[in-house]
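Hello,

Here is the structure I promised to pass on. My notes on it follow below.

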Amino acid sequence: MSWQLTDCHPDPAIPVFFAIPDRAKVLNKIASLVLTALASIVVAVTIPGCGSSDSSTPAVSPRASQTDDPAAIVDPTDKSAADQDAEPKRLDDSVDTPSMDREVKIANADAFVSQGDFAGAETELQKLLVADPTDAEILFRLANVAALAGDLPKAIELLAEIPPEHPQAGLPALGQSADWCFQLKRYDEAARHYEKVLTLVPQAAQALRQLAYLRNRQGRRHEAAEYVHELCKLGDVRQDELHSLMALSDAMYDDPSTAETLQAGERPYWPIGASGQARKSFDDKQYADVIALLEDSVADGTAAPTVVALYGLATAEAQDNERFLQWYSQADDQVQQCAEYWAAVGAYLIDQRKFNQAIRALAEAIQRDPTDVQSLGRIRYAFLAIKDDQTANRFIQRWVQIWETLRVNNIVAATKIPDPDSIAELASALEVIDRRLEAVLWRALEQHYRNSPASERTKLGNLQRQLVSDGQMFASPASRWCGLDLTKYALPDIKGVASSDGPAKFASGPPSDSAITPASLANIAQAVGLKHQYAVAKDPVKIGFAVYQMLGGGVAVSDYDLDGNVDLYLAQGGCDPPEFKGDQTDQLYRNVDGLLVDATQSADASDFAYTIGVTSGDWNQDGFSDLVINNIGSSELLINNGDGTFNRRSMGAVDHLNRVPSSVAMADLTDDGLPDIYQANYVDDPQMLLKPETDESGKPLSPILPSKYRPGPDQLIVNDGAGGSNERRWSADLSHDSTTLGVIIADFDGQPGAEVFTANDMYANCLWRRTAEGKWDNEALVRGCAFSYSGAATAAMGVAASDFQNNGTIDIHVTNFAGENVSLYLNNQGTFQDRSILYQLGKDSHDMLGFGTQAIDYDNNGLRDLAVTNGHIDDAVSNTSPFEQLPQLFRNLGGRFEIAEVDDASDYWSSTHLGRTMAKLDFNRDGKNDLVVTHIEQPTALLLNQTPTKNHWLQLQLVGTKSERDSTGARIRLRGGGQEWTDWVIAGDGYLCHNEDAVCFGVGENTVLDEVVVDWPSGTRQVFSSISVDRRILIVEGDETVFTLFESK
């Protein structure tokens, strides 16, 4: 069976029951007497109402059901039930007994049943019913005969003749009818019968249990929780039911295709109806599927209020503002009482940056559903946005506590026979978040699995009754709001709140199916002589990585010898602690007429340390590309001597052997016209050498996560202009230390100069912008790119920045951990909104662990596509996605993306890898975007773009004069044929890498561009007219001449 986050129920037959309160005891004793009395007359006819049976077998003796049902509510000290079973009573001693003829007819009917002659049995019983059409016993017998004959609808009709108010038979008839309706999949009718049972006996556990089971399978999880809460109060609850309370937005789900694996005593949580399927789709973050499944029932008014609320939340999560606003305008009072109604409103308001209104909406959602981690994350985001860090910290603490509960719950649910210590840990976690009754019930399960003395269970039973008596059962309203009074925030009114735009409308329109060009990229590394493989240790290591071994190694693309061909510098690990020095070096490959030649030694470019990130840039502004090597220990600056060799300089006076570096970028960050170095650091902790715990086979149980370590401080290395440098912390505020992986330096605000975006693993992303006073402020939160759409930090890895909307503004694509969608931060007038779901990137990215990513236009049609390399961080037992993974190419269709099939004779795209760094280049000078990809313990790939296309292109290299020479932060805008394209000169380039120093445009069918506009980092603008395409041009700041470097062959 496939279990979801909190839906695992390894042994649902294990009950948790204590002696119930006196009133409930009396009611259940009465019910027992009723059923036993009826059973004395209808020997093998009745199920004790509300029993659980999915087969079409007839009812069994209620006495047997009482004994066999492991979750039956009984008081083990009460002997009366057994005594009553020993001496069954008649249905009603006051009723005149029929003549001997009645007994004969009943005996004859029984004989016919035993012979399988159901028609004969029915004939005998019908004779008695003619005499008394209201005879409850005969009606029950006839219903049982109909059931045995396979006619359950008729059986139900017969039981309907017994009034619910009948003092002895009404309750059993309702319960039996409900069970048979359930078997016939007449679920609404079954629910009505169960609910009627509860009006007669409010604490009838079996009715509560069946309703909870039904609602869970229908995806109506919050309704199911109300019934399970009642079972908890009774002290009669099963393990699967306790699991169901952990996260109410998640599905209770078993795969129907695995029915043959169902074991005795297990209740399958196969989805029922569209709402059941919709809940599973919501759990899988397939929000468009949820909308499609529920739209008709919501529109015609037949959906339950909780289902309508789920639909609304799906529209909000899908970022479908048009549908959301329509839903919101039609939601009635009943829908507005639902937790997911307020979660939807809060999500929408966060997206619209109406933070004060969002706080109250999310508070209402949390009050109704304290397990709602999404709303907890979003409310924390809202408080941070209004600069109430203290309150935000309260909610993030609560968020962490709930996630810890879910983590331990998953451990308990993962095995058939749970570890009692894990159950005890779960109970403790529940106590921390004020869910004391659940904690007591889990402790009862713990005692069961430990085979503890009855005295221990008695103590827990006393505690359970005391909690119920005191009303201290579930999380209090105060604890749900972290002890705060949030009513001071007004209830929101969305009327008048403007909706953000939907997908961008391109001037040329999205490409039609006939205009879509199939992609073709093949790995030519071996053919051109590229023989590089990144190693994480001196000897090969396949699994069980320390934190520094997970990151892989980078690549810098440059033309270091200025011969017009692109060269590669590739990082190498290949060594071990404590010195992190070995006999494997980074490699410099020189491109000689299309073949790659190892020039590492001849160029004096060797480095035998453990290298992770690399970059290229003109440090000394002499026109030759220099190299920066980000090592464990001492990072290095390789100054290009201009003669094909390099001169080495160490950066920093201290070897940081406890520090794991990551990406590195070169750009002017001090506004003096000279490039500086941004050095990102992942962790800085002496425990960085720790390896993960393993099972008996040596396989890691869970991968090492960055939360175990102190994050590393990013560094700024300032160019002093005289050949030296000064190193300092990027931010003096220690709270800004983050586990940085990806870095992009570009013009994010449209003003002269450049800003820095960092993708942080499990920490909020940062967007650093320079103030008028020259200080760097982190504006990611206020600009909307700190968190994902869910309001939570992601495990961000790589970054690609470009104009994915073709609206002239820079957007950001971030790859994330498995189980998280990528983030697509689209720029909306200077602020960002994560639109990964709306642009249909969520489904195909959710199960992948993405690292390097690049914005490329693979067919030069003018729309930026996305390439991603994927691979898990370790081959762990806990992984929910494969260790090695496929690379992905997402085709931009103008308002959405889709996976593009790649024609690849090398089979690279159909093979799995441990992908890490991805850089882009034009290796063969044909105007198409090629890619170089590094992996862990697998050969590096060079993917040549061989896509057949008639589209045209233009590539630009800029040389700054007032600006620093590489011109990072420059914006380039092309206009032609009524269309416009914008891109930027970027440093950092995403993850551990540096792209080729050229800005590449696909311009579709345009052969001449009306205008090329360059906005330089210095603030100056140059405009060039009538520019022909299919060539690479060089533009020098302040020079009106356009130089052609090469043209299409």
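In these notes, buried means under 20% relative accessible area, exposed over 50%, and partly exposed in between (1.4 Å probe, protein chains only). Helices (H or I, at least four residues) and strands (E, at least two) are DSSP runs, numbered from the N terminus. The model is predicted: local features need pLDDT of at least 70, side-chain atom pairs count only at pLDDT 80 or more, and totals for chains, interfaces and linings use all residues. Residues are numbered from 1 along each chain as its sequence is written, and side-chain values use heavy atoms, with hydrogens and water left out.

First, strand β17. It spans residues 755-760 and is mostly covered, with 6 of its 6 residues buried. In a regular strand the side chains alternate between the two faces of the sheet. In β17, E755, F757 and A759 point one way, V756, T758 and N760 point the other way, and all are buried. Two strands count as paired if DSSP finds at least two bridges between them. β17 pairs with β16 (residues 740-746) in the antiparallel sense over 6 bridges, and N760 of β17 stands opposite T740. β17 also pairs with β18 (residues 766-770), again antiparallel, over 3 bridges; here F757 has L767 as its bridge partner. β17 and β18 form a hairpin with 5 residues between them, and M762 in the turn has a positive phi of about 70 degrees.

Next, strand β30. Of its 6 residues (930-935), 6 are buried. D930, V932 and T934 point to one side, and L931, V933 and H935 to the other. Strand β29 (residues 915-921) runs antiparallel to β30 and is joined to it by 5 bridges, with V932 as the bridge partner of A919. With β31 (residues 941-945), β30 pairs in the antiparallel sense over 3 bridges, and the partner of V933 in β31 is A941. β30 and β31 form a hairpin with 5 residues between them; E937 in that turn has a positive phi of about 55 degrees.

Then there is Q319, in the loop between α15 (305-317) and α16 (321-330). Why does Q319 count as buried? Because its relative accessible area is 2%. Contact means heavy atoms within 4.5 Å. Not counting residues up to four places away in sequence, Q319 touches Y789, D834, R835, S836, I837 and L838. Q319 and S836 are 517 residues apart in sequence, yet their C-alpha atoms are 9.0 Å apart.

Regards
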